[in-house]
Amino acid sequence: MADGVKLSEWSADDIEEMIRENYADIFRYCFWRTKQQSDAEDLTQETFLRFINSLSHYSDRGKPKALLYTIARNLCINWHNRMKLLPLSDEALENISFVEADKEAEIANRLTLHKYMNRLPKDQQEILMLRYYLELQVNEIAKTLGISRFTVMYRLRTAMKNLRQDIRKGGSGF
């Protein structure tokens, strides 16, 4: 990508590369938030459309990836407010994995972890998702959520502590 070039000066190739590099992660984030593939696809497309439309007036404060996640997050919040979804069901969890059969133990562990994560408050679920599933840096999470780095670190510690306690109570093999 065009390092050192302002976003407003990016070429079509730079924008295409940004989309290629981040599309799957933004989709996974939207899918995690919506639990519906078609809605996640729509929200992902809308995220990139809004990103492209914002290039002309973006003031280059931070990384473009943080802007993408901020847009995706806001779109998902708006979608959620309209849909008022219920938590992900056990059936839906079992239908999500598209992995080979030889990874059954890994799938079982992920499903168990996902069940425990669903018990956490939404803000704790989101911060764990951004950090450990989407592998965003603390600074990127702070920009995405509009909070300080210290708040991100505190919330991560709290979420991990709550997750560990819940897992221990449940007697899981983690």
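Student: Why does Cys-30 count as buried?

Tutor: In this predicted model, Cys-30 has a relative accessibility of 0%, and since a residue is called buried when that value is under 20%, Cys-30 counts as buried.

Student: What makes Cys-76 count as buried or exposed?

Tutor: The relative accessibility of Cys-76 is 1%, and because the cut-off for buried is under 20%, Cys-76 counts as buried.

Student: How do you know how many disulfides there are?

Tutor: A disulfide requires two cysteine sulfur atoms within 2.5 Å, and by this rule the count comes to zero. For Cys-30, the closest cysteine sulfur belongs to Cys-76 and lies 3.8 Å away, which is too far for a bond.

Student: What makes helix α7 largely enclosed by the rest of the structure?

Tutor: Helix α7 covers residues 138-145, and six of its eight residues are buried, so the rest of the structure largely encloses it. The buried residues are Val-138, Glu-140, Ile-141, Ala-142, Thr-144 and Leu-145. After α7 comes Gly-146, with a positive phi near 70 degrees.

Student: Where is the kink in helix α1 centred?

Tutor: In helix α1, which spans residues 12-34, a kink of about 50 degrees is centred on Asn-22. Asn-22 is also one of the buried residues of α1, which include Met-18, Asp-25, Ile-26 and Cys-30. Just after α1, Lys-35 adopts a positive phi of about 65 degrees.

Technical notes. Residues are numbered from 1 along each chain as its sequence is written. This is a predicted model: local features need pLDDT of at least 70, side-chain atom pairs count only at pLDDT 80 or more; totals for chains, interfaces and linings use all residues. Side-chain values use heavy atoms; hydrogens and water are left out. The bend at a residue is the angle between axes fitted to the seven residues ending there and the seven starting there. Helices (H or I, at least four residues) and strands (E, at least two) are DSSP runs, numbered from the N terminus. Buried means under 20% relative accessible area, exposed over 50%, partly exposed in between (1.4 Å probe, protein chains only).
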